[in-house]
Amino acid sequence: MLKPTIFVDLDLPKAVLNYLAEHCSVDAWTEEDTVPREELHTRLAPAEGYLTGGRRIDESLLEAAPNLKVVSSVSVGYNHFDIDAMKRHDVTGTHTPEVLDETVADLVFALMLGSARRVAELDQYVRDGRWKRGDDGVLFGLDVHHATVGIIGMGRIGEAVARRAAHGFGMKVNYHNRSRKPEAEAKYGASYMELDELLAASDFVVMLTPLTNETKSLIGRREFRLMKSSAIFINASRGATVDEPALIEALQDGTIHAAGLDVFQQEPLPADHPLLTLPNVLLLPHIGSATEKTRDAMAMLAARNLVAVLQGEEPPHRVPEFKV
Ligand code: 8YV
C-alpha cells in the first residue's frame, strides 16, 4: 500500500523518525532556520500529515495543503491552530499533553525559586567580582517555603505545581480555574478563588492557563495593582495571556516585586526589549518542557498521534475542539 506523505519541520530523535518512516513517506526539513513560508507551502502541497512545533496553522497554509488531514503539534498548547479554518478544511489537530506535566512544573519552581532568591542576578554578582564581606543585606531574597501560591489554570501542570508547593514546600495553595477541582482541593488543601481574590492573597501568582480568547491579556495593569507589592509573578503559559507593557510598568514602579518569565509576546525576545533592562525579572527562552527525555516523549507522542489519524484510528491526543 502507498504510504501517505508527511512533512516534518523540526528535529526529531532517530527512533521517532524511524517510527514515522515505517508508516509514512517522510519529507523532513533539516535546515537550522525555520522553514520559510513559501517553501512550507510548497512542501505541504502533497502532504497528508504535518508534524510541527508552534507554526501558525492558518487559512493560507491550509489552502496550500489540499491533501492535509492532520496537523500534529509537539506541544500541549495549540493556540497556533486556527481551529475554525482547520475545521473548514477538514483538517484535525493533535497535541502532546501529560508527558510534559512534571517537567514544566519543575521549571515553574525554578522560576519561583530563581526570582525569589535572585539566583541569576546574584550569579552575575559573583562573576562580576562584586561579592565582598558584610554585604549580606544586599543579597536578601524572599522565602518560597510556607508562602502562598496562586495558580491560574489548574490543569495537570497546575496540579503538579500544587503538589510540589503543598507537599514539598509547605505552601498554601490558591487556584483559579474554569471549573472547581474538588480532588485537588482535598489533596493539596487548595482553595478555589475568583481571580481578583487570588491576586490579592498570593505571594506567587503563577500563570498556567492556555491562551484562548478568554485568557488573552487576562493579567493587565488593573490585575497587577491588585497583587501585593511583594508579589512575584510567574508566566509559564503564553506571553499573550499578559499585557506585557503593563507588566514592565509594574516591575519598574514597584507595583509588584519581581517576575519569572518563560514566555513572551514575541519569541525570541528582541535584543532591544525593555524587559532586558530590568534587574527584577528572570528571563528564560521558553524551556518549560525542554529536557531531552520529555522532548523525546513529546515527539514520539506527536508521531503516534499523526500516524493514528492517517490510519483512520482515534489518536491518543486529539485536540478537544476536534473531538466529535
Ligand atoms: C513546546 C510548550 O515545546 O508544549 C507547549 O505548549 O509551550 C512547549 O512545551 C513549545 O511550544 C514548542 O513546540
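The radius of gyration used here is taken over C-alpha atoms, and the rule for a globule is 2.2 Å times the number of residues to the power 0.38. With 324 residues, a compact globule would by this rule have a radius of gyration near 20 Å, and the protein chain, which has 21 Å, agrees with that expectation. The model described in this report is a predicted one.

## The chain as a whole

The protein chain contains 12 helices and 12 strands, and its C-alpha trace spans about 75 × 50 × 35 Å along the principal axes. Of its 324 residues, 51% count as buried. When contacts between residues at least 6 apart in sequence are considered, 60% of them join residues at least 24 apart. As for charge, the protein chain carries 34 positive and 47 negative side chains, and the centres of these two sets lie 4 Å apart.

## Two annotated spans

For residues 109–288, the end C-alpha atoms lie 11 Å apart, while the span is 33% helix and 15% strand.

## Residues and their surroundings

A few single residues show how parts of the chain meet.

| Pair | Apart in sequence | C-alpha to C-alpha distance |
|---|---|---|
| E102 and A64 | 38 residues | 37 Å |
| E185 and A162 | 23 residues | 9.7 Å |
| V144 and A165 | 21 residues | 8.9 Å |

E102 is found in helix α5, which consists of residues 101–116. Its relative accessible area is 34%, so E102 is classed as partly exposed. Leaving aside neighbours within four places in sequence, E102 is in contact with A160, R163 and R164.

E185 has its place in helix α8, residues 182–188. Is E185 buried or exposed? Because buried means under 20% relative accessible area, E185 with its 19% is buried. Beyond its neighbours within four places in sequence, E185 is in contact with Y175, R180, A190 and Y192.

V144 lies in the loop between α6 and β6, the latter formed by residues 148–152. Its relative accessible area is 4%, and V144 is therefore buried. Which residues is V144 in contact with, once neighbours within four places in sequence are left aside? They are F109, M112, L113, A116, F169, M171 and F204.

H317 is found in the segment after α12, a helix that runs over residues 292–310. At 17% relative accessibility, H317 counts as buried. When neighbours within four places in sequence are left aside, H317 is in contact with T94, H95, P97, E98, L301 and N305.

## Backbone features

Most residues other than glycine have a negative phi, and most peptide bonds are trans.

R118 is not a glycine, and yet its phi is positive, at about 55 degrees. R118 has its place in the loop between α5 and α6, where α6 comprises residues 119–127. With a relative accessible area of 18%, R118 is buried.

S217, a residue other than glycine, likewise has a positive phi, near 50 degrees. The loop that holds S217 runs between β9 (204–207) and α10 (221–226). S217 has a relative accessible area of 40%, which means that it is partly exposed.

What is the form of the peptide bond from E267 to P268? This peptide bond is cis, with omega near -10 degrees. P268 is found in the loop between β11 (258–261) and β12 (281–283).

Key. Residues numbered from 1 in each chain as written. Predicted model: local features only at pLDDT ≥ 70, side-chain atom pairs only at ≥ 80, totals over all residues. Heavy atoms only, no water. Helix = DSSP H or I, 4+ residues; strand = E, 2+ residues; numbered from the N terminus. Buried < 20%, exposed > 50% of the residue type's maximum accessible area, 1.4 Å probe, protein only. Contact = heavy atoms within 4.5 Å. Lys, Arg positive; Asp, Glu negative; His and termini not counted. Charge placed at Lys NZ, Arg CZ, Asp CG, Glu CD.
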